[in-house]
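Hi,

Here is the structure I said I would pass on. Have a look at it first, and my notes follow below.

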Amino acid sequence: MLFDTHAHYDSSWFDSDRDELLSSLPERGVGLVLNPGCNLSSSQKAVSYAQRWPHVYAAVGFHPSDAADATPEALDEIARLARCDKVKAIGEIGLDYYWEDYPDRATQNRVLREQMELARSLDLPVIFHDREAHADSLAAVKEFPGLRGVFHCYSGSLEDAKTLIRLGWNLSFTGAITYKNAKKAPEVLRWVPQDRFMIETDSPYMLPYPREKGERRNDSAKVSRVAARIAQLRGLTPEEVERISTENGKRFFGIE
């Protein structure tokens with residue numbers, strides 16, 4: 001069974017069929033899903049899905065796009081949610097300097113470190129978002145030695161990947177590795193140690209190829225296409241990638 005380690009089922013893209021879709025995943029080959037939060041509301045929804053479906057788990061936190069809303073009171077609630085049994089990480093947190101309308105860099109960095117400190121205090125790993133902020137992201141990681149984490153939707157350089165692996169972190173890959181313009185991630189995937197990579201969809205985004213006619217929305221069942229591409233890059237069978245990535249994800253998130 002596959003493990004989609006990052007999917008946003010609180011998205012409005014799933015409002016019409018969320019229950020049906022989540023219920024159907026095991027019979028479609030997806031045995032585990034982790035739904036990260038991006039703000040307080042989505043974190044609460046992620047926890048509610050985890051409590052309803054046995055194969056769904058949650059992470060809670062503030063995405064850099066929502067860092068301005070991470071008040072002390074909101075972070076206290078995130079800390080409370082993080083103590084729920086099926087919450088397995090703090091995330092999605094990180095830095096994003098790509099979008100000009102996102103909170104300023106100082107706010108993003110402050111909220112990131114507050115949440116990394118929370119993760120350390122609760123002995124939870126973090127799910128890290130890094131877009132156009134590679135140097136500052138690595139600096140933050142180095143400030144928290146011993147903290148476990150995964151850079152989701154990894155698109156950085158091989159050099160940065162080697163630094164993260166040396167620091168004890170993991171890398172996760174989406175359908176972006178199936179795109180024609182994907183250059184860095186395939187190089188990293190050929191190199192990354194077998195026990196340090198995971199797979200994800202980032203649903204409803206990052207729809208992988210090959211696509212069926214009319215497809216627009218990603219969902220966890222399509223994580224098999226990510227596994228198939230990794231198999232090509234690493235000279236493995238899709239079944240081997242399924243087994244390895246699922247074992248890695250379960251170990252990383254502490255899921256038996």
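Rings of Phe, Tyr and Trp (its six-membered ring) pair if their centres lie within 6.5 Å; planes under 30 degrees apart count as stacked, over 60 as edge-to-face and the rest as tilted. By that rule there are ten aromatic pairs here.

One of them joins phenylalanine 128 and tryptophan 169, edge-to-face, at 6.0 Å centre to centre with 70° between the planes. Phenylalanine 128 is in strand β5 and tryptophan 169 in the loop between α6 and β7, so the pair ties together parts 41 residues apart in sequence. (Helices, H or I of at least four residues, and strands, E of at least two, are DSSP runs numbered from the N terminus.) Tryptophan 169 also pairs with phenylalanine 151: the centres are 5.6 Å apart and the planes at 70°, so this one is edge-to-face too. Both phenylalanine 128 and tryptophan 169 are buried, meaning under 20% relative accessible area (1.4 Å probe, protein chains only). Phenylalanine 151 is buried as well, at 3%.

Before you zoom in: this is a predicted model, where local features need pLDDT of at least 70, side-chain atom pairs count only at pLDDT 80 or more, and totals for chains, interfaces and linings use all residues. Residues are numbered from 1 along each chain as its sequence is written, and side-chain values use heavy atoms, leaving out hydrogens and water. The protein chain averages a pLDDT (the predictor's confidence in each residue, from 0 to 100) of 98.

Elsewhere, ring pairs link Phe3, Phe252 and Phe253 into a cluster.

Cheers

Terms used: Buried means under 20% relative accessible area, exposed over 50%, partly exposed in between (1.4 Å probe, protein chains only).
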